[in-house]
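Have the structure open as you read.

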Amino acid sequence: MNMCGAGRSSDMIMCSKQVTSVAVAVLLMAGLVWAVPVGTKTLEIGEKAPDFRLPGVDGRMYRLADFAATDVLVIVFTCNHCPTAQAYEKRIKRIAADYRDKGTALVAISPNDPKAVRLDELGYSDMGDSFEDMKIRARDMEYNFPYLYDGEDQKVSRAYGPIRTPHVFIFDKQRKLRYEGGIDDAEKPELVRSRDARNAIDALLEGREVPAERTRTIGCSIKWAEKRESARRSLEMWARENVAVEMIDAKGVKELARNDSGKLRVINVWASWSGPSVEQLAEFVTANRMYRKREFEMITISVDSPSRRSSVLSLLKKQQASCRNYLFDSQDQYQLMSALDKDLLGGIPYTILVKPGGEIIYRRLGTVDPLELKKAIVGYLGRYYK
């Protein structure tokens, strides 16, 4: 059936627009179209590098002119949280090191608006894409190149038009774009067949034509400011999730600690009368939202008196703690501690990270350092897609 049929040229144009709108809507619902702001397009081969003035994690402000002395300029749009971007970090560092003395500079720019990143998009990372988080990531990974922040207004990113992280733009001495695309053709190093970015750099340094001017990119979509609404709606959705608390005895606690679930477990022991316990509940809720789509489980155990079940539940609801929550059925805290961890003499709050099979790989008496806990979690789960 012809949706438009025969008719005047103007009618056909209008129908074409309607069909296009329907097709785009269907693709969006299917998750097949990357959200790109209207008016943003990827820089074309031969176009000049747009100027920029961006803050670096080292405290300096950087401009395009700062790299004028180099024959080749490599600009990589990347970020902290993306699994693919993390998989390429070491390769990006090697490119920077291998070509530094050959007239080539490499600069990384984070294009993401940190407020547009949903918590469940952080499941392969221990941090988000804020400027402060970028400083930590650069320090942890010992970046040997400038790492610049464009998440404030994303003007530079809109001028270059990256589609995913990582996305590479390589410019010649005149700062004309000569290559745009991926670093290579496979996220897993052992599957790489074509080192496209290196091939382009080598060609420019040797005065040859770039063998492939454009290649496909793989990775995470750019978190444009337009996606803030999605992040906001996700918080509203999670806030409506059911929160419950069950009673548990010492035998049940031992079973939790034995961890036959096949998942990595965080078990946090807390009490409503313990200020530090209550203050850090929000951190556990955040971690649960980040990692629960993976082989991960968050569990809380309250040592409040069993008679205070309604009060415990009320506090958990206030914190939106929709993970597995328990209330110990006895006021004998030492019985609980003995059942949970033989090396624990007592005290709350107390947190352990338990591998499948019962091995404790992290324990903390007192409040946790949220970043330390997330590093332990993602250190076990892994930072890359398998």
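How many disulfides does the count come to? The answer is one disulfide, bearing in mind that this is a predicted model. The partners are C82 and C220, with their sulfur atoms 2.5 Å apart. The link is right-handed, at 85 degrees about the S-S bond. C82 sits in the loop between strand 3 (72-77) and helix 2 (83-87), while C220 belongs to strand 9 (residues 220-221), so the pair links distant parts of the chain, 138 residues apart. Both cysteines, C82 and C220, are buried.

What about C79? Its closest cysteine sulfur is that of C82, but at 5.0 Å that is too far for a bond, since a disulfide needs the sulfur atoms within 2.5 Å. C79 is buried, with a relative accessible area of 2%, and C323 is buried as well, at 16%.

Now for the rings. The structure holds ten aromatic pairs, including these two:

| Pair | Geometry | Centre to centre | Between the planes |
|---|---|---|---|
| F131 and Y149 | stacked | 5.3 Å | 25 degrees |
| Y160 and F169 | edge-to-face | 5.8 Å | 80 degrees |

F131 is in helix 4 (residues 131-141) and Y149 in strand 5 (residues 147-149), so their pair ties together parts 18 residues apart in sequence. Y149 counts as buried, at 11% relative accessibility.

R91 lies over the face of Y88, 3.9 Å from the ring centre, and K102 lies over the face of Y99, at 5.3 Å from the ring centre.

Note on methods. Residues are numbered from 1 along each chain as its sequence is written. This is a predicted model: local features need pLDDT of at least 70, side-chain atom pairs count only at pLDDT 80 or more; totals for chains, interfaces and linings use all residues. Side-chain values use heavy atoms; hydrogens and water are left out. Rings of Phe, Tyr and Trp (its six-membered ring) pair if their centres lie within 6.5 Å; planes under 30 degrees apart count as stacked, over 60 as edge-to-face and the rest as tilted. Helices (H or I, at least four residues) and strands (E, at least two) are DSSP runs, numbered from the N terminus. Buried means under 20% relative accessible area, exposed over 50%, partly exposed in between (1.4 Å probe, protein chains only). A charge sits over a ring if NZ of Lys or CZ of Arg is within 6 Å of the ring centre and within 35 degrees of the ring normal.
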